[in-house]
Amino acid sequence: MELPDIWFIAIAILWTGYFVLEGFDFGVGVLLPFVGKDDTDRRVMINSIGPVWDGNEVWLITAAGAMFAAFPAWYASTFSGFYLPLLLILLALIVRGVAFEYRGKGDTDRWRAWWDRAIFFGSAVPAVLWGVVFGNIVRGVPMDAGGIVTGGLADLLNPYALLGGLTTLSLFTLHGAVFLTLKTSGAVRARARGAALRTAPVAVPAGAVFLAWTQFSHGADWTLPVAAAAAAALLAGATLAASGREGWSFAATALAIGGTSITLFGALHPAVLPSTTDPAFDLTVQNASSAPYTLTVLSWVALVFLPLVMGYQAWSYWVFRKRVSREHIDPAPAYGGPEPTGAEGSGPGGAGGSAAPVQRTGGD
């Protein structure tokens, strides 16, 4: 196996890790107005992802950076051809991050309601558009010999890509609902379980049809068992959630997202961005990659730093593993008033309430 192929696999792993990890915090954001019946409920939900959501986005930054360094032609064509959806995703992620920070800076219901809407749309928009973008990457786009994507927005809104958007939105929402059943207690946990059961009838058929469409239109022989396993894991995740086996359900929905991502990248290889204009114009692992020297340097950098990043993130998940409940939420501070006891630093915990005491004293 040559270095370009190794780096294609590495980028596929990075995107897969991003979708699995960021998927559940997108889901929590989408469910915020439905599961959170009052401000304290919503702060419980936000605090459940508070210590990890920004760490999850490191996978996105790393994946995009690896694409830029290892496959500059792929990066250039993708980020220019999908300019509008990627810009919308970027704006949504910025709005969501700002909402986490500023939600607790005001003392009125109206102030918090506006930031809750920002969290909802900042989570839902990327959840939909990532499916649309990757559906089009696998399907192919109108592209000339110079790697210029000539299609417009209408070309991106085809049935296959729209089904991809519905799949990622519903799958991430289901993943987030199951995560809430693991990380919260009381009424929030009960409503999250109900949300998982209501989301499953959409997520399971949408995911199954999308996987089948991907496999039979673009897949390779080896992706067939992966796609089948992803569909089975999705069904198992919904079934286990219904029976209250939340840990196994979360593992199953994570496997479903991971299997779907692997199926997409497997269906794409050896191309990285197919052209629907002429197959001769396809960007492939070989013709879109950087020089061997660049890939060699990147490999050594990744071998040193990637284990450190993954180890730190695993440690973060272990430290903040306890459940969050309404009893752990301090009263919201009045605007301009003193910070609540234990509020440390910025982030959802410090903004919408104090996450740090929750993580120190919370229990199952």
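Predicted model: local features only at pLDDT ≥ 70, side-chain atom pairs only at ≥ 80, totals over all residues.
Reader: What should I know before I start?

Author: Local features need pLDDT of at least 70, and side-chain atom pairs count only at pLDDT 80 or more, while totals for chains, interfaces and linings use all residues. Residues are numbered from 1 along each chain as its sequence is written, and side-chain values use heavy atoms, leaving out hydrogens and water.

Reader: Which residues have the most contacts inside the largest nonpolar core?

Author: In soluble globular proteins, nonpolar side chains tend to be buried together. A nonpolar core joins buried Ala, Val, Leu, Ile, Met, Phe, Trp, Tyr and Cys residues through side-chain atoms within 4.5 Å; buried means under 20% relative accessible area, with a 1.4 Å probe and protein chains only. Here the largest one has 89 residues, and those with the most contacts inside it are Trp 15, Tyr 18, Phe 71, Trp 74, Trp 130, Phe 134 and Leu 273. Helix α1 (residues 3-35) gives the most to this core, 16 residues. Helices are DSSP runs of H or I, at least four residues, numbered from the N terminus.

Reader: How do α1 and α12 lie relative to each other, parallel or perpendicular?

Author: Axes are lines fitted to C-alpha atoms over the stretch in contact, with angles from 0 to 180 degrees between N-to-C directions. Angles under 35 degrees count as roughly parallel. The axes of α1 and α12 (residues 292-319) come within 11 Å and cross at roughly 25°, so these helices are roughly parallel. Contact means heavy atoms within 4.5 Å; among the residues making it are Trp 7 and Phe 24 of α1 and Leu 295 and Tyr 317 of α12.

Reader: How many residues of α2 are buried?

Author: In helix α2 (residues 39-49), 10 of its 11 residues are buried, including Arg 42, Arg 43 and Ile 46.

Conventions: Buried < 20%, exposed > 50% of the residue type's maximum accessible area, 1.4 Å probe, protein only. Helix = DSSP H or I, 4+ residues; strand = E, 2+ residues; numbered from the N terminus. Parallel < 35°, antiparallel > 145°, perpendicular 65-115°, else oblique.
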